[in-house]
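Hello,

Have a look at it first, and my notes follow below.

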Amino acid sequence: MEKPFIGAAERNKEYIFEHLTEIFSGFTTVLEVGSGTGQHAVYFASKLKHLFWQPSDLSERLPGINAWCEESLTENIFKPMELDISAWPNFTEKYDAVFASNVIHYIESRYVDKFFEGSKNTLKSNGLVVLYGPFKHNNEYSSVGDEQLDLLLKSENKSFGIRNLEELKNVACLHNFEFLKSINLPANNKLVCWKKKSSNKMLNGVYR
Ligand SMILES: C[S@@+](CC[C@H](N)C(=O)[O-])C[C@H]1O[C@@H](n2cnc3c(N)ncnc32)[C@H](O)[C@@H]1O
């Protein structure tokens, strides 16, 4: 099969990688959600040799990701697995991190909660959720380009769209995540990190 390719993944992979080295230091396993073509998976796994990288996506994407993985000489990348954010599988082995690039705005808004709930159930205590992409702040776009992208996404599905970072923080908090940091990257994109708290005690509907 001819490998799928998108230019954006080639352009942003180095910017993202520069930060992943530090973010994933001391970690062993990363689950990538919405791996897309598989370009990121192969690149990050080849650069971060201390990690085992698990790519995943909807079933129709798996042959393309597999084509990248099979051609790669990287040994620390697992065969891509099917993972639909709307129905996460039960993982017996937990991961150190969940990484998703340009995914949170490409899913229906009702699945944003599922994303954090699934991540919580998939991660070890103190595990990280790391999101890359465009975000709104206080409902304001970071650029005209983001506004245009948002319109394009909504024309595809009115429930897609660039997420407001403050709303994501609230949803993450409901699922026992502590906001760690947001790093500005080129083209008005960000890398945003949350840590799963070790305590799982729920008080008034919120994890404390
Ligand atoms: C814009 S692409 C990003 C691909 C890749 N991560 C990248 O940065 O190039 C969005 C990805 O989200 C995946 N996706 C959409 N809905 C999903 C769902 N419900 N569960 C898992 N992945 C989903 C799509 O199949 C697609 O691969």
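By class, how many nonpolar, polar and charged residues does the lining of the largest pocket have? The lining has 18 nonpolar, 15 polar and eight charged residues. Please keep in mind that this is a predicted model.

The pocket itself holds about 1100 Å³ of space. It is lined by 41 residues, and those closest to its centre are Gly34, Ser101, Asn102, Val103 and Tyr106. The largest share is that of H1, with five residues.

Now to the ligand, which sits in this largest pocket. Around the ligand there are 17 residues, with Gly34, Asp57, Asp84, Ile85 and Ser101 the closest. Sorted by class, this shell consists of eight nonpolar, six polar and three charged residues.

- Isoleucine 85: one of its polar backbone atoms is 2.8 Å from a nitrogen atom of the ligand.
- Aspartate 84: an N or O atom in its side chain is 2.9 Å from a nitrogen atom of the ligand.
- Arginine 61: an N or O atom in its side chain is 3.2 Å from an oxygen atom of the ligand.

Best wishes

Technical notes
Residues are numbered from 1 along each chain as its sequence is written. This is a predicted model: local features need pLDDT of at least 70, side-chain atom pairs count only at pLDDT 80 or more; totals for chains, interfaces and linings use all residues. Side-chain values use heavy atoms; hydrogens and water are left out. A residue is near a molecule or strand if one of its heavy atoms lies within 4 Å of it. A polar contact is a pair of N or O atoms within 3.5 Å; within protein, one must be able to donate a hydrogen and the other to accept it, and residues adjacent in sequence count only if both atoms are side-chain atoms. On a 1 Å grid over the protein atoms alone, a cavity is a set of points where a 1.4 Å probe fits but cannot get out, and a pocket is an open set with protein on both sides within 12 Å along at least five of seven lines; lining residues have an atom within 4 Å of a point. A molecule sits in a cavity or pocket if more than half of its atoms lie within 2 Å of its grid points. Ala, Val, Leu, Ile, Met, Phe, Trp, Tyr, Cys and Pro count as nonpolar, Asp, Glu, Lys and Arg as charged, and the others, Gly among them, as polar. Grid points are joined across faces, edges and corners, and a volume is the space filled by probe spheres set on the points. Helices (H or I, at least four residues) and strands (E, at least two) are DSSP runs, numbered from the N terminus.
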